Every structure is written in structure tokens, then in C-alpha cells.
Amino acid sequence: MSTKKIPMRMCIACREMKPKRELVRVVKTPEGEIKLDLSGKLNGRGAYLCKSVECLKKAEKSGALARAFSMAVSKEIYSSLERQLLSNEE
């Protein structure tokens, strides 16, 4: 009887380990764009966030995305990520 191992990832805002499926991947593409990766298959550097606006706000406040991607992340990017997050909530 084999139990499948659940891949775990850490939210860069609240620093909690959670199953990968419960988190959303934010990706910095090779072109330097930052967007939500809902498929989990986009090319580029990924960072994981809880699927909550609170964690996105926390990441913005602490500069977690800027650290993860080694680049400045503008307010526009955060608000576009927030819009994408809200439009994807069931």
C-alpha cells in the first residue's frame, strides 16, 4: 500500500508550510514579468502564496516578492495580482 507524498510549499508571506494545491504560484517570467501561475507550469522563477488577499498584502508590506525575485515589485503588480486572486476565488 503506497501513500502518495503530498508536495509541500511555504507561503512567502505567512511562512507556513502547506500542501502545494492550497497555495498559488507567483512567477517571474524570463522576460521579467510577474504574474499568477494558476496552472503551476509557467516558465520562470516561482514563489508561493496562500490564496488570500491578506497574505498578498503581507508579502507586499514585507517585500517578500521583491526578495524572492531579486527585483523591485511595483504597486501596480501587487494590485494586478490581487485582482487575479479575487477573480479566481470560488
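Colleague: Which ground rules apply here?
Modeller: This is a predicted model, in which local features need pLDDT of at least 70 and side-chain atom pairs count only at pLDDT 80 or more, while totals for chains, interfaces and linings use all residues. Residues are numbered from 1 along each chain as its sequence is written, and side-chain values use heavy atoms, with hydrogens and water left out.

Colleague: How many salt bridges does the structure hold?
Modeller: The structure holds three salt bridges, a salt bridge being a side-chain nitrogen of Lys or Arg within 4 Å of a carboxyl oxygen of Asp or Glu. One of them joins Arg25 and Asp37, whose closest N and O atoms are 2.5 Å apart.

Colleague: And is Asp37 buried or exposed?
Modeller: Asp37 is buried, because its relative accessible area is 2%, where buried means under 20%, exposed over 50% and partly exposed in between (1.4 Å probe, protein chains only).

Colleague: Which residue does Lys57 pair with?
Modeller: Lys57 meets Glu82 in a salt bridge, at 2.8 Å from N to O. Lys57 lies in helix α1 and Glu82 in helix α3, so the pair ties together parts that are 25 residues apart in sequence; helices here are DSSP runs (H or I, at least four residues) and strands likewise (E, at least two), numbered from the N terminus.

Colleague: Changing topic, what does Thr29 touch?
Modeller: Leaving aside residues up to four places away in sequence, Thr29 touches Lys35, Asn43 and Gly44, contact meaning heavy atoms within 4.5 Å. Thr29 sits in the loop between β3 and β4, and counts as buried because its relative accessibility is 6%.
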